[in-house]
Amino acid sequence: MQSQRPQVDVIIPVYRDLAVTRRCIESVLNTSADRRGEVVVVDDASPDDGLSGWCERLSASGRVTLLRNDRNQGFVASVNRAMRHCAGHDVVLLNSDTEVANDWLQRLADTAYAAPDIASVTPFSNNATICSYPYPEWPGGLPGALSLQALDNCFAQANAGAFVDIPTAVGFCMYIRRAALDQVGYFDEAAFGRGYGEENDFCRRALASGWRNVLCAGLFVYHQGSVSFGADKDALGDSAMAVIEQRYPDYLPQVRRFIAQDPLEPLRKAVDRVRAACGDLFPLALLATANSSEAEVLATLQDLRVRGRDE
């Protein structure tokens with residue numbers, strides 16, 4: 001489908017919360033730039049003058065390319081505009097409330113080209129539904145006591161080169177190969193408007209065209225969640241899922257089977273072992289104790305957001 005790797009552009013739509021957005025963009029600019037092309041920031045007519053002004057100054061310094069919508073068009077239209085701007089290049093769609101570390105982009109790109117039919121790649125994260133760690137739908141922030149950089153290194157060590165097919169990418173950090181994008185087409189602006197569901201729809205279309213969507217098991221990206229959509233998150237998600245279920249009646253059953261089979265469990269456990277070996281305190285013994293109630297396990301895992309406990 002495509003033998004020679006193109007340049008990779010990183011697309012970051014922005015709307016609100018200067019501090020969170022700045023953390024995201026600076027993490028991209030301060031990490032390894034191997035194969036990275038443009039960092040394309042899309043200001044979707046932000047109401048935050050401080051955020052817009054900072055992005056303009058960053059663009060004037062030449063560190064990013066800034067696209068600014070004259071009126072608010074929503075996440076999907078903003079991403080499509082940027083993907084068209086990046087013609088001929090692979091792209092990574094990165095939410096403005098994420099943070100990356102180390103050689104994250106190189107590992108994503110290596111996974112994308114680990115097989116000729118991979119369309120999209122998603123990393124592990126603390127907030128990534130089926131791709132969450134330490135378990136699916138984990139409700140907290142960084143688990144344990146390690147920094148993001150150190151935790152990501154644990155993933156790189158535990159699962160170097162490993163990838164697994166998943167029913168859909170998760171849009172907080174989504175690598176898309178240009179060959180797949182050219183064949184499958186851009187996101188559906190009419191159906192998914194402001195956001196939510198557009199990546200699921202793209203992935204279903206990609207699967208129908210013979211492409212695959214995979215998890216990069218050797219990478220962890222932090223995701224805060226719900227910064228741009230705020231209180232509208234649930235309504236947008238419900239509306240998007242109604243469209244997905246109508247178009248793809250087999251989608252939710254496939255996701256449920258994936259969760260029940262949990263092919264990512266051995267990969268998460270491999271990270272647990274590396275974390276324990278490098279000194280991050282994690283209650284592996286508690287999780288393995290048959291008489292521990294679900295409430296006890298969840299309470300202990302939640303506690304790991306601020307501190308760890310000995311096994």
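Which residues does Arg204 touch, not counting those up to four places away in sequence? The legends below take up this and other close-ups of a predicted model.

**View 1. Arg204 and its contacts.** Arg204 is found in helix α8, which spans residues 198-208. Leaving out residues up to four places away in sequence, Arg204 touches Pro167, Tyr248, Asp250, Tyr251 and Gln254. The relative accessible area of Arg204 is 7%. Arg204 therefore counts as buried, since the limit is under 20%.

**View 2. The open sheet.** Eight strands form an open sheet with mixed pairing. Their order is β3-β2-β1-β4-β8-β6-β9-β7. Strands β3 (65-68) and β7 (163-165) are the edges, and each pairs on one side only. On average, neighbouring strands of this sheet are turned by 25° against each other, direction ignored.

View 3. Strand β6 covers residues 118-124, and strand β9 covers residues 212-220. The two strands run parallel and are joined by six bridges. Phe124 stands opposite Phe220 in β9. Helix α5, residues 148-158, lies across both β6 and β9. The helix runs at about 120° to β9.

**View 4. Val92 in strand β4.** Val92 is found in β4, a strand of residues 90-94. In the sheet order, β4 sits between β1 and β8. The relative accessible area of Val92 is 0%, so this residue is buried. Neighbours within four places in sequence are set aside for the contacts that follow. Val92 is in contact with Val8, Asp9, Val10 and Ile11, among others. Its contacts also include Trp104, Leu105 and Leu108. Cys173, Met174 and Tyr175 complete the list. Val92 and Tyr175 are 83 residues apart in sequence. In space, their C-alpha atoms are 4.2 Å apart.

**View 5. Cys55 and Cys86.** Is Cys55 buried or exposed? Its relative accessible area is 2%, so Cys55 is buried. Cys86 has a relative accessibility of 1% and therefore counts as buried too. How many disulfides does the model contain? With a cut-off of 2.5 Å between cysteine sulfur atoms, the count comes to zero.

Definitions and conventions: Residues are numbered from 1 along each chain as its sequence is written. This is a predicted model: local features need pLDDT of at least 70, side-chain atom pairs count only at pLDDT 80 or more; totals for chains, interfaces and linings use all residues. Side-chain values use heavy atoms; hydrogens and water are left out. Two strands pair if DSSP finds at least two bridges between them. Helices (H or I, at least four residues) and strands (E, at least two) are DSSP runs, numbered from the N terminus. Axes are lines fitted to C-alpha atoms, for helices over the stretch in contact, and angles run from 0 to 180 degrees between N-to-C directions. Contact means heavy atoms within 4.5 Å. Buried means under 20% relative accessible area, exposed over 50%, partly exposed in between (1.4 Å probe, protein chains only).
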